[in-house]
Amino acid sequence: MSDESRPFRTAAVVPAAGRGVRLGPGAPKALRTLSGTPMLVHAVRAMAASRGVSLVVVVAPPDGATEVKNLLTEHALPERTDFLVVPGGASRQESVKLGLDALPPGFDAVLVHDAARPLVPVDTVDAVIEAVRDGAPAVVPALPLADTVKEVEPSGDGSPEPVVATPERARLRAVQTPQGFDHDTLVRAHETVTGDVTDDASMIERLGLTVVAVPGHEEAFKVTRPLDLVLAEAVLARRRANDGF
């Protein structure tokens with residue numbers, strides 16, 4: 001089959017190897033439950049809900065791959081979407097690289113999605129895939145900021161911090177996931193970019209390539225603190241009431 005006639009294939013990598021210390025002691029953050037179902041399962045279902053995603057690679061804690069695989073097997077996922085579970089590394093960047101390495105040949109695009117963003121709507125996932133299909137090397141869903149942002153000189157000791165600048169809010173965005181990438185471009189970034197990065201799109205920026213933003217969604221927030229769990233439960237309750245989710 002020629003490149004022109006074969007379907008555009010997308011895989012999702014879900015790094016879930018972190019401990020989530022800001023949520024307190026207990027299970028890794030991705031295994032905390034929302035309405036009785038682990039956040040990780042919600043996140044994988046969110047990726048699998050897109051008809052454009054045919055494979056989800058979950059990067060588990062290094063000593064928890066078997067547990068995560070059993071967990072996903074126990075919960076219903078769309079039959080059209082396959083999943084793999086691989087052990088993660090010491091950092092998020094290393095874990096994403098291990099997820100990329102596990103992909104079989106033939107994928108055009110890769111989504112990288114935080115397991116701690118369990119409620120991203122399928123329309124957001126589809127918008128990211130579409131932008132990659134249209135030729136963008138990297139795509140991020142993003143929201144305008146509601147608050148004024150100040151750049152400060154960090155004190156490190158809890159003392160008052162001097163404000164050094166006020167960025168123009170209209171030019172700022174809060175970036176979410178899934179972030180989408182041309183497969184070969186993301187592989188090249190992970191092979192060549194060194195040093196700490198806060199997200200995979202930053203690696204593409206370091207290659208000198210353009211990252212584009214598409215509209216994010218307020219329900220794609222990151223569950224980081226206990227209050228976020230309360231908000232996530234409320235979103236799920238509203239979905240059940242309104243949509244039968």
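**View 1. Asp108 and the backbone of Arg9.** A polar atom of the Asp108 side chain lies 2.8 Å from the backbone nitrogen of Arg9. The model is predicted: local features need pLDDT of at least 70, side-chain atom pairs count only at pLDDT 80 or more, and totals for chains, interfaces and linings use all residues. Residues are numbered from 1 along each chain as its sequence is written, and side-chain values use heavy atoms, with hydrogens and water left out. Asp108 sits in the loop joining α3 (92-101) to β6 (109-112); helices (H or I, at least four residues) and strands (E, at least two) are DSSP runs numbered from the N terminus. With a relative accessible area of 17%, Asp108 is buried (buried is under 20%, exposed over 50%, partly exposed in between; 1.4 Å probe, protein chains only). Not counting residues up to four places away in sequence, Asp108 touches Arg6, Pro7, Phe8, Arg9, Phe181, Asp182 and His183, where contact means heavy atoms within 4.5 Å.

**View 2. The cis peptide bond at Pro178.** The bond from Thr177 to Pro178 is cis, with omega near 10°. Pro178 belongs to the loop between β10 (173-175) and β11 (179-182).

**View 3. Positive phi at Ser35.** Ser35, a residue other than glycine, has a positive phi near 50°. Most residues other than glycine have a negative phi, and most peptide bonds are trans. Ser35 is in the loop between β2 (33-34) and β3 (37-38) and is partly exposed, at 35% relative accessible area.

**View 4. Ala76 and Arg45.** The C-alpha atoms of Ala76 and Arg45 are 8.6 Å apart, across 31 residues of sequence. Ala76 lies in the loop between α2 (65-74) and β5 (82-87) and is exposed, with a relative accessible area of 60%.

Definitions and conventions:
A polar contact is a pair of N or O atoms within 3.5 Å; within protein, one must be able to donate a hydrogen and the other to accept it, and residues adjacent in sequence count only if both atoms are side-chain atoms.
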